[in-house]
Each structure stands twice: as structure tokens, then as C-alpha cells.
Amino acid sequence: MADITPILMPKWGLSMKEGKLAAWHVAEGAEIKPGDEIMDVETDKIANVVEAADGGLLRRRIGVEGETYPVRALLAVMAPPSVAEDEIDAYVAAYETPSAGDDEGEEGPSYQFADLPAGRIRYAERPGEGVPLILIHGFGGDLDNWLFNIDALAENAHVYALDLPGHGQSVKSARPAGLELMVQTVIAFMDHLGIDKAHLAGHSMGGLVAGTLAAQHPARVASVTLICSAGLGSEINSDYIDGFVRAAGRKDLKPVLAHLFKDQSLVSRAMVEDLLKYKRLDGVQDFLTELAGSLFREGRQAQQVAEALAASGVPAQVIWGEADAVIPAAHAESLQGASRHVVSGAGHMVQMEQSAEVNRLIRDFIA
């Protein structure tokens with residue numbers, strides 16, 4: 001059955017155990033190419049489109065729209081016309097969905113931690129070849145902002161994503177809460193892992209961190225990808241920043257998070273509850289207040305990186321969601337010499353709303 005290729009329920013993040021097959025985008029008999037959008041999947045955290053990892057003729061759809069399936073469940077089968085129907089029947093009948101224990105065994109440890117000068121830092125790792133790629137999240141985010149990117153990008157590089165100080169499950173007491181702390185933490189993280197040089201991809205505030213690191217330490221950076229990045233202009237939606245810092249309940253936080261997405265239905269109850277749990281951790285409120293005061297004073301961006309990054313000679317690309325309601329997409333034009341890509345159908349969280357396009361752009365750039 002070597003010519004039969006399965007299509008499985010994906011696993012997004014370490015906590016995902018099942019997903020709902022919301023919609024098929026391809027019919028039986030369709031010729032699928034790698035990267036084609038084949039179905040929509042919803043979890044308790046977020047919904048997203050699933051793209052084909054392999055190409056082939058879709059011979060059998062097994063998953064039913066509206067039904068919920070465990071991770072790695074068989075949803076469809078691709079095979080060339082030479083494969084007989086009874087061979088497909090036999091493959092489907094013999095397929096066994098891996099148990100949760102088997103799945104965890106394949107992945108190894110869930111998250112890892114590094115003890116750095118700033119304190120304990122959480123990170124995730126996906127093995128790959130070549131120069132490593134480090135993913136840096138934005139203000140109020142964490143490494144799970146790269147949920148739809150980290151595995152796909154590991155096809156081209158050894159990938160790391162970390163929680164910056166004050167975020168996720170990393171140290172909350174590090175001070176002063178500002179850009180220099182973030183830059184020095186990423187440098188210390190690279191030193192801890194023995195990484196001499198890395199590609200950097202930063203989202204929003206993480207773009208400012210990545211760009212500043214590249215400008216200050218160009219020998220340590222192979223390339224930098226700035227995604228809806230801070231530091232390329234002074235304008236920013238202060239209603240989002242101030243609202244995120246102040247929000248203490250679901251009623252306050254949900255409309256603030258709507259600024260992040262073009263498709264505001266992606267702001268799920270689980271997303272809101274997860275962020276509220278984070279904001280209620282000891283030290284988080286003080287850290288975010290101090291960080292916002294350092295980086296986004298009086299409704300403007302206080303730190304700029306475009307000129308220094310352009311002068312560094314580090315290869316750079318800029319990716320933006322055309323409907324970004326937090327930082328204007330016009331800022332994509334600010335970095336001289338950079339490749340620029342404005343992606344339709346996405347807002348500030350373009351790496352989630354249009355993950356396949358962002359993954360393609362990063363893979364092509366670092367290749």
C-alpha cells in the first residue's frame with residue numbers, strides 16, 4: 001500500500017487531542033497539490049484551514065463534516081488510479097488511530113526550560129536541518145502564537161519558539177521591563193543552546209526585538225523576518241495596547257482581542273479565558289504595565305529600528321496583514337532594502353489567519 005497517502009486530523013499545539021472537521025474544500029476525485037486548502041478544522045482554542053502536505057488524487061473522503069475526531073484520525077485517502085478500490089478498503093479497515101500516549105512518545109518532551117540571567121524561560125523546539133530559526137512573539141503573547149507555523153517551518157530549519165520574560169510560562173520578575181531585556185534574553189537563549197547564528201522571525205513587538213538584535217549583533221543573525229512589526233513607524237492602536245493591559249474580565253478583554261484578527265470570530269471563549277488566566281498570574285500586570293510604558297508611551301511607538309536594521313546588512317523581509325488594526329500595514333514600506341509582502345485576508349495575527357502563506361514566505365526566504 002505504498003502508493004496510498006493518508007490525510008489525518010492535524011495536531012496544533014501540545015494540548016490538542018481532537019478537532020472538528022468543519023468543512024471539506026475538496027471533493028472525491030480532485031487532484032490535490034501540496035499547499036492546497038483541503039478542509040477547515042476547529043478546536044476548543046481556534047479554527048484554521050488545513051493545507052495538503054502531499055499531492056495526489058483524492059480517492060476517498062472518510063471524515064464527515066461536523067464530526068469530531070481524535071488527533072491523527074484518518075480523514076481521507078489519496079492514491080493514484082492504479083490502486084484498486086479493494087486496496088483502499090483494506091487500508092481504511094486496517095488503519096488504527098495512534099493513542100494519546102503513542103503520540104506523546106513520538107513528540108518527546110512537551111516544553112523545555114532554560115535558566116538564563118533574566119530567569120527561567122520556557123521554549124518549544126522542533127528538530128530540523130541547517131541554520132536554526134527562532135520565533136519571537138509579540139506583546140502579551142507567547143510561543144503558542146506560532147501554533148500553525150512551528151511544525152511547518154521545521155521542514156527547512158531547526159525551529160525554536162520561546163516565551164519572552166513576563167510572558168507565557170517564563171519569568172515574571174525580570175526587570176527593567178523593556179526592549180533591552182528582551183534582546184538580551186534572546187542572545188542569552190542562543191548562547192545557552194550553543195547557537196552561533198540564527199534566522200529570526202518576530203511578530204509585532206517580537207519584530208522590534210528581532211530587528212534590534214540584528215542591528216546590534218549582525219554576526220549572530222542570518223536573516224530577519226518582521227511580521228506586522230513594531231519599530232517601523234510611530235503609529236499604533238493605543239486602544240488595543242491600553243485595553244489589553246487594563247482588561248480584567250472577559251467582557252473587557254474580548255472586544256480588545258477583536259483588533260487582532262480580520263475574522264473576529266476567531267476570538268473564541270477559550271482564547272479569552274487562557275489570556276485572562278495569564279493576566280492574573282503574579283507579576284504579570286505590573287510587568288505589562290511597565291513594558292507598555294517603555295515601548296508605547298502616550299499612544300506612540302517609542303522605539304524605532306528601521307534605519308539601524310537597514311544599515312546592518314542583515315537580509316530582511318517584512319510580512320503584513322492587509323487588515324492589521326493594531327499597526328498600520330503602510331509601515332511595511334519603512335524598511336529600505338527589505339522584501340515586502342502584504343497578505344490579504346488577515347489582520348495583525350497574519351501568521352495564524354494566513355499561516356500557509358506566511359510559512360511559505362519564511363521558508364523561501366531562509367532557504
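Leaving aside its neighbours within four places in sequence, with which residues is Ile134 in contact? The legends below, which describe a predicted model, begin with this residue.

**Figure 1. Surroundings of Ile134.** Beyond its neighbours within four places in sequence, Ile134 is in contact with Tyr160, Leu162, Phe189, Met190, Ile195, Ala198, His199, Leu200 and Ala201.

**Figure 2. The largest nonpolar core and another core apart from it.** The largest nonpolar core holds 121 residues, and the members that touch the most others are Ile134 and Phe139. Helix H4, spanning residues 179-193, supplies the largest share of this core, with nine residues. Another core, made up of seven residues, lies apart from it; Ile4, Leu74, Ile88 and Tyr91 are among them.

**Figure 3. Packing of helices H6 and H7.** Two packed helices are described by the angle between their axes and the distance between the axes. For helix H6 (residues 238-246) and H7, the angle is about 150° and the axes are 9 Å apart. Because angles over 145 degrees count as roughly antiparallel, H6 is roughly antiparallel to H7. The crossing of H6 with H7 is left-handed. On the side of H6, the contact involves Tyr240, Gly243 and Phe244, which meet Leu253, Val256 and Leu257 of H7. Five residues of this contact are nonpolar, one is polar and none is charged.

**Figure 4. Crossing of helices H7 and H8.** Helix H7 (residues 250-257) and helix H8 (residues 269-279) have axes that come within 10 Å and cross at roughly 115°. The two helices, H7 and H8, are therefore roughly perpendicular to each other. Their crossing is right-handed. H7 contributes Arg250, Leu253, Lys254 and Leu257 to the contact, while H8 contributes Arg269, Met271, Val272, Glu273, Leu275 and Leu276. The residues of the contact between H7 and H8 comprise six nonpolar and four charged residues, with no polar ones.

**Figure 5. Buried residues of helix H8 and their cover.** Which residues of H8 are buried? They are Ala270, Met271, Val272, Leu275, Leu276, Tyr278 and Lys279. The cover over the buried residues of H8 includes H6, H7 and helix H9 (284-295). Met271, Val272, Leu275 and Leu276, buried in H8, also belong to the contact of H8 with H7. An α-helix has 3.6 residues a turn, so residues three or four places apart point the same way.

Terms used. Residues numbered from 1 in each chain as written. Predicted model: local features only at pLDDT ≥ 70, side-chain atom pairs only at ≥ 80, totals over all residues. Heavy atoms only, no water. Core = buried A, V, L, I, M, F, W, Y, C linked by side-chain atoms within 4.5 Å. Buried < 20%, exposed > 50% of the residue type's maximum accessible area, 1.4 Å probe, protein only. Helix = DSSP H or I, 4+ residues; strand = E, 2+ residues; numbered from the N terminus. Contact = heavy atoms within 4.5 Å. Axes fitted to C-alpha atoms, helices over the stretch in contact; angles between N-to-C directions. Parallel < 35°, antiparallel > 145°, perpendicular 65-115°, else oblique. Left-handed = near helix turned anticlockwise from the far one by under 90°. Nonpolar A, V, L, I, M, F, W, Y, C, P; charged D, E, K, R; others polar.
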